[in-house]
Structures are given as structure tokens and as C-alpha cells.
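Have a look at it first, and then follow the points below.

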Amino acid sequence: MNENLEAVIREICQKYANDSARMMDIVRDVQASMGGVSKVAMKAIAAAVGVAQVEVESVVSFYAHLSSESKGKVVIRLCNDFIDRMFGANRVAETFEKEFGIKFGETTDDGLVSLEYTPCIGMCDQPPAALINDRIVTWLSTDMASRIAKAIKEEGNIDKLNLPNGDGNNSHPLVNSMVHNNLREKGDMIFANFVPGAALKNAIAETPVECIKNVKASRLRGRGGAGFPTGMKWEFTRGADGDEKYVLCNADEGEPGTFKDRVILTEAPELMFEGMTVAGYAIGAQSGVVYLRGEYQYLTDFLNDVLQKRRDAGLLGKNILGKEGFNFDIRIQMGAGAYICGEETALISSCEGLRGDPKNRPPFPAQKGYLGKPTSVNNVETFCAVAKIMEKGAPWFAQKGSTGSAGLKLFSVSGDCKKPGVYELPFGTTVKELLQKVGAEDAIAVQVGGACGITVAPNDFDKEICYDHLATGGSVMVFGPGRDLLELAHSFMEFFEEESCGYCTPCRVGNTLLKRRLEYIIEGKGTPEDLIYMETLGNTIKHTSRCGLGQTSANPVLTTLQNFRSLYESKVKPSVDGLQPSFSLDKAVGLSEEIVGRKSIHHHD
Amino acid sequence: MSDKIKFTIDDVEIEAEAGQTILQAADAAGVYIPRLCANKNLTPHGSCRVCTVKVNGRSQAACTQPVAPGINVESESEEIKAYRKSLVEMLFVEGNHYCMFCEKSGNCELQAVAYRLGIDAPKHEYLFPSRDVDASHPEIFIDRNRCILCGRCVRASKELDGKNVFQFVGRGIHKKVAVNSDAKLSDTELAGVDMAVSSCPVGAILRKRVGFAIPVGQRLYDAKPIGSDIEASRTDK
């Protein structure tokens, strides 16, 4: 058995040239073939690629989709984010638990099924949704959950259910998915007609420096949310010392409530790949990597096929479009369930086969990025915008949108609205205008920018969505009358606690402390002092954390405290006896009671 | 002298060499900035965040941020001091620290920094985690209850001992230090004299049979607070 295991692992490692930088692919393949990456497997991988066993363990233990224990043949990962719970994820969970006779977090005794929860899988417009191995099922009902369970019990898969395919390329034979695009409003940018090669032709007619000048003139800023000027990033990367440079595409769309990249990857991958190729030309890179979140595995065959077609058409590979010496190719790197890998230096770590820990800056990726080489990391949508800028010209782009935020932007709208889905609108659109479009005039709150964004109250609905006012990488979640915003904040804090990489103290510990204090308040055990405590703690996390995750993770609490303070105030009351109501003596002595095997004689509360 | 970089920390002018971090330059000038994960023999880690300063108004870790001409570094402001206290308190409540009977007491950097910052009791709630102890090795034991995840052992083993005994596993609040074997420390290459052992700032990695050897009063931080050695070399006095 062990000999066989070692042979399989040797073969997998050889497939990736025994290169430890391809660790993500290696451990993913090992897990796919063996159901998990056991200690024995880790030892074999370590021997094959020449790293310490504990280094392999370090990687495997980091990613939610990887496990040292063997999982069931079928792993059901039910999305339990706030939106999915609003639309019945809890009932679906109960059904699965009843059908399989196990709880979430467990595997059936026969090794058939594991049930797990997962944060946002990019399907908030069709909730509740789940991953069944690599396959996505959406709009789950309890009936559907029962049918799925029955099929798995009978056949070991859900093929016989013949779930209807979604629209557009979701029905493409290489995608074959029930996911829907829900593309509600197309602007004249990302989803407009595009002839492959049109942008590249214009780009190579200019020098790389002119190309970058054009991107700068377009005033394009990063579409992932942080909003760094793309042209400047490229200029730094081009100007950095080094013959080898890289273009990385951030397709780790993990911000809760964001799913616009999913629709780009499904309907406009050519545009994205073309933008990456333009970047390759502009900064002088020969290789590009698309870092695709593990949840979007179902799109890889399709995307690889698009890449091959581009190679066949002379749009990738050597001497692209006949331009002597312009060589560029792209590979897809799969992630494995880690929100932090959307942070650009963590993304680089993961591409290098490491834990998804962010890196210390400086040096910045433009100087020292992927494999230590100058690297530009840009968002899926940013590359698409670049391609359109090359096709239509910088002024065409620059005149769209608002003063500080040029161009159109894709919004992923979900929650309590009539028409959830993707909207391509100019920057500067107000929350109110957006709510009218999506059919949600009665919203009591709108979450702009995802879990790390801002919970906006109705008196701020006149604010513009743009980098300078309400910034977002695309996520807009709408909450109607009756929704509990403290529970919303709590679900986001649970998310950050789960997704913190744990590298730095404030994010690792602070988020847990903040979440707990919020729980006391929700339970009615909070005092007015706790609100001040949460503000102080939140600001400490914000100002001392090492990367963008920690610097924004307290936002769910800080922005609801700011915009919905009365909700908190109605929950807290001063302590009557000067003691902390959140302290439970019963709980505090619980473990001791368990150890000595008898109840304490203290006065029970 | 032209290659010297001049900047200020709390309005005191500091001269630094190009390529130094703020922490290195401050140490050289005799200005103490509290820190836990940083150690002058190891690559900067930037994880504990206790050395957080403001550089031209922006928070940065002094241990990873390079000096630049004319920067204005704020280190002992009320705001920064409050952050540092909060961070050190987080490290206390995250683990299970029992100074009163810990062998490292008096020589412990976490304890010493806490005293220096004036922490009497943490304002955060104790998390009381359940953590492992590994005493399998004949000369050394690990008590993860007292680990602050500074990564010094990870770096020292790699950078100074030329081994790879320790590495982080897990993530978030569940992150911990693992050893390079199937389970036990005794199955690793770790030796009692390794720098990975002596680099531990707290009582998480300890040599056996030497506990409490130094009497109270003669321990490292009994007479003077941590950082006094750095401040002794202060140049602008």
C-alpha cells in the first residue's frame, strides 16, 4: 500500500518536475487521488521535491480545501455566508444532516460523504449554493437537497439528476454547469463585442512605454478594490531590474458577495487573457499566471481550451501576432480555499507553493514578486479594462465614470432585491440609483465592498460608489426590512476569524476578541463600555495589522457602530452590580467540574 | 558622511546607514522600540507588531520598514503606546501564560515588555486555549501554552542552525508551531545547543533540568527593564 502510495506521489511530483514551487498543484493532485494528504504522503512529497516534511504540512494545513485526513468520496461544501443563510442555507444544511446521518464537519462511516461549511463561493446571486466536489449546485431547496442526497447514496454522484445547465457558456460542454450568469445590465465595455487580437494589434503598434503611457492616460485604477493606478504599477514593474518578469491575474474572487469575475471568466475570458498579454508586452514579461480560486475549478477545462485556441491563433506563444521577440504564455494556478490569497503578496506566496501568508513590504511585488522577480498583479476586471483601453483608446475610457474613478465598473448585487446579478455601470452611480435598478427601494442597509467594506445606512444612500466615497471591488449586498444587522456584522467577523492567516497578532487574536465581544452584546450581556472597547480594539486591529485583511477586518463592527449605533445601544445596559454581565461563573468553572467529576458548590446563575 | 540617512524618532534626530530598518537604526542610536518577534541575528518577521510606529503618519512595523531620508517616526505617542499595550495583552490572553511558576520568569521578553509598557492585567478576555506540550526530546521540551508565534525558532533553525525543525501549521487563531517529524520533537534533528532553542523569547521552548537555576534578583530583567542595554548606548545624551 505504502509502495503504491509512494509510486503515485512520485508520479504526481514528476508531472510538476519535482518543483517545490508547484506545491499547490502537487498537494491538490495528491488529495484528488487519495482523498487527503496524510503524513505518509507529506513525507513522500517532501522527499520527492526536496523540502522538509513540515513544510508540506504547513501548506496543507493552511488551505480549507486541503486536509491531512481522508475526506469522503463526495465532499459537500455548503456556503453558509449571511446571504445564503437569508435564503435558507440552514434548512438545506438540516436536510443534508438528516439524509446522511452526520453533522457538518463530519464524514460518514462508509467514507462516502463529508459535509462542510464554506464561506462565499461566488454564487450569492443564486443562493443557497454548494460545491459538490468541484461541481456547483445553486438555488438549493430542501427538496433538491433530498434529491441530491438520494442520488449520492445510490450512485455516488449526482450525474443522474441531470441538473439543467445555466445560460451562456455555462452550457458549454467544457463547463457544463447549472450556474447562471444573471448578467442584468451590460455596458459598452466588458461584455461588448470584442474581436480577439484587436487590443493586442494596437498595443504592439506602439512601444511598451507608449502602451503604459496610454494606460496611465486612461486613469484606470485597480478593479479589485484597492484602486492603485494600473499604469503606475506597470511602470514600476517595467522599470525594475531583472530579465524575467511576471504578470499575475488575481482571479481569487473571494470577497463575500462578489461574483463578477465568475461571469467574466465564463463569458469574456478572451478579453482578460488579451489584457494579460498586453501587460506582458508592456512590462516585458514572458509568463503570466491566472490564480483561480479553488471554488471555480469547474471553469478550468474551459479556460485552458480558450488559452489553447489563443495559442493556435498566434495570440499567445512565440512572436505573438508576428512581432519578433514578443513571447508570452499563460498558465492557470488553482487555489484551494483561502480568502487571504486575494491579497496580492499572499497570492504570490500561494503561486510559489507556500502557505498563503502575505509577504513583508517592501520590497513590493513590482520590485520582487513571484519567484523573486518583478511582478504585476492585477484583477481579472482590470485586465479586461486594459484590453478595451487598447482597443478603443485611453480618452474613450477616461471620459467615462467620475472624476477620481474613471470607467465603468462591474457590480455584483445580491441579497434582498428583485434582480440580483451583475451590472456594468459607471463609477459615480449612487447607492440609491443602484437600488432602483435592482429593485430594492425598501433596503434598510447596503453592504458596499464586501465583508471588509462599509455597512451603509439609508441616509447615506445618496453617496456615490467610487474610490473616493464608497469603494468596492464589486460587492454590493442589499438588506431589506427585518434583517438583523448585528447578526450580519457577526457573520463577517466569523468570516475574518476563519480567514485570517494568523501571521500577525492583531488580526489573529484581535478578530477573535472582537467577535466574542459582539456575541456578548447580541446575547444581551453587553454594557455601554463594551461599545467603547470594540471601537478601541477595532482601531488597534486596523492600524497595526500587517496586510489589507487585518486593516479592514474590523470594518463590520466599526462601520455598523458608526452608522447603526442605536442597534447596539438598544442591546446594551449598564451593569447593576459593577460586575461584567458577560462573565459566566458556570462556564468558568465548567472544565474544573468536568475534571473532578462533580458540580461546584458555588451559587449557580 | 554623505551616505548617512538622517531622520527623526519622536523629534530626536537619528543617523542611519542606507539599507537599515527603522528598528536597526534606532537600536544603533540607543533608542529602544519595544519588539518581540525581532531578533538582531534573524531575518525580520514583522509578525508581533509590537514595534509598530507611525512613519509620516502611517502605521508601519519598525522591524521591516527601511529608513528613508527625512522621515518622521512617531514611537512613544499615547496612541502608539496604547496599541502596543493592546497587542502584548493579546499575546497574553491568546495563550496560557503563568509567570508566577514559569521557568522563564525574569528572563522572559514577553513578561519584560509587559512590565516596561506598564501592563498590570490584560484588558482582553482570556481565551484559555487547549494546547499541546511535547516533552519527548531528551534535552528540550515545547510548551505551546506559552508560545507567542513569533517565529524565531522557525527562522533560527533555518537560518542559524541550518536545519528545518520548526514550521507554522494551521491558520488564524488555530495557527501553531509544528515540528519536522510525524509527531514528536524527539524525532527531529533538534539539538540542545541549537539557536532555535535559545532564540525563544518566552517559555515555549526550554532546555530541561536547568529551570530556576538563576536566583530571583539576578535574572536578566530583574534589575533593569528590557531595552536598557540599547538605551545605555544612546548617543544624543
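1. The term stands for a side-chain nitrogen of Lys or Arg within 4 Å of a carboxyl oxygen of Asp or Glu. Between chain B and chain A the count is 6 salt bridges.

2. Please keep in mind that this is a predicted model, where local features need pLDDT of at least 70 and side-chain atom pairs count only at pLDDT 80 or more, while totals for chains, interfaces and linings use all residues. Residues are numbered from 1 along each chain as its sequence is written, chains are lettered from A and ligands numbered from 1 in the order in which they are written, and side-chain values use heavy atoms, leaving out hydrogens and water.

3. Chain B has a mean pLDDT (the predictor's confidence in each residue, from 0 to 100) of 96. The model's scores are ipTM 0.97 and pTM 0.96.

4. How many residues of chain B are in contact with chain A? There are 41, and they meet 44 residues of chain A, with contact meaning heavy atoms within 4.5 Å. The two chains bury about 3400 Å² between them, 51% of it on carbon and sulfur atoms; this is accessible area (1.4 Å probe) lost on being put together, summed over both. On the chain B side, B:Met90, B:Glu125 and B:Arg171 lose the most area to chain A.

5. Within chain B, domain 1 covers 7-76 and domain 2 covers 96-223, with bounds from an automatic or database domain assignment. Between these domains of chain B the count is 0 salt bridges.
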